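Hello,

Here is the structure I promised to pass on to you. Please open it alongside this message and keep it in view as you read.

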Amino acid sequence: MENIESKYVATPTGYLMVLTDKNNVIEALSALAEREKIPSATFFGIGFAGVATFGFYDFDDKVFIPKTYNNMELASLTGSIAWQNGKPSIHAHGTTTGADYVASGGHILDLEVGTGSIEITILRHEQKLERKIDPAIQANVLQVR
């Protein structure tokens, strides 16, 4: 992501990121993790999503079933930053609502800012955490030991 340094400020516990102009949230979090060499983190946020693609994990077929929503309020964003194969691994979930006030949500596969902004608070952790594929379920699992 270009010009990531203009999208965040340091705080006593980590960072505050404000994304606009169709910025991609997953790409921005990955760029921040690389630039600041974040060992691991937890994040949460709110805002307006131009495009939000959620995925429901099908454990039988070991794939995400995607569903995309456009122009939604991002009522809740939460997740973690870890590392996998030398690159940031972003695990995010969220809830969005439309003009009908009906909520949708789940695992975020892709999230792009719409009109307005998305504000994300990142809480930095000192321990470097890795994510690995659990062979039993064929899904990424955060390793805490």
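A few ground rules before the tour. The model is predicted, so local features need pLDDT of at least 70 and side-chain atom pairs count only at pLDDT 80 or more, while totals for chains, interfaces and linings use all residues. Residues are numbered from 1 along each chain as its sequence is written, and side-chain values use heavy atoms, with hydrogens and water left out.

Let's begin with the core. The largest nonpolar core has 30 residues, and Met17, Ile120 and Ile122 have the most contacts inside it. Such a core is a set of buried Ala, Val, Leu, Ile, Met, Phe, Trp, Tyr and Cys residues joined through side-chain atoms within 4.5 Å. Helix 1 gives the largest share, 7 residues; the elements that give two or more are strand 2 (14-19), helix 1 (25-36), strand 3, strand 4, strand 5 and strand 6 (103-125). Helices (H or I, at least four residues) and strands (E, at least two) are DSSP runs, numbered from the N terminus. As general background, nonpolar side chains tend to be buried together in soluble globular proteins.

Ile122 is in contact (heavy atoms within 4.5 Å) with residues including Met17, Leu29, Leu32, Phe43 and Ile81, leaving aside neighbours within four places in sequence. Ile118 lies in strand 6 and counts as buried at 0% relative accessibility. Here buried means under 20% relative accessible area, exposed over 50%, and partly exposed in between, with a 1.4 Å probe and protein chains only. Not counting residues up to four places away, Ile118 touches Met17, Val25, Ile46 and Leu74, among others. Its C-alpha atom is 9.5 Å from that of Leu77, 41 residues apart along the chain.

Next comes the largest pocket, with a volume of about 330 Å³. Of its 15 lining residues, Phe64, His91, His107, Ala139 and Asn140 are the closest to the centre. (On a 1 Å grid over the protein atoms alone, a pocket is an open set of points where a 1.4 Å probe fits, with protein on both sides within 12 Å along at least five of seven lines; lining residues have an atom within 4 Å of a point. A volume is the space filled by probe spheres set on the points, which are joined across faces, edges and corners.) Strand 5 gives the most to this lining, with 4 residues.

Asn140 also meets Gln84: a polar contact of 2.7 Å joins their side chains. Such a contact is a pair of N or O atoms within 3.5 Å; within protein, one must be able to donate a hydrogen and the other to accept it, and residues adjacent in sequence count only if both atoms are side-chain atoms. Gln84 is found in strand 4 and is buried, at 18% relative accessible area.

Finally, the loops. Most residues other than glycine have a negative phi. Asp21 has a positive phi of about 50°; this residue lies in the loop between strand 2 and helix 1 and is exposed at 64% relative accessibility. Lys62 has a positive phi near 60°, sits in the loop between strand 3 and strand 4, and is partly exposed at 33%.

Happy exploring!
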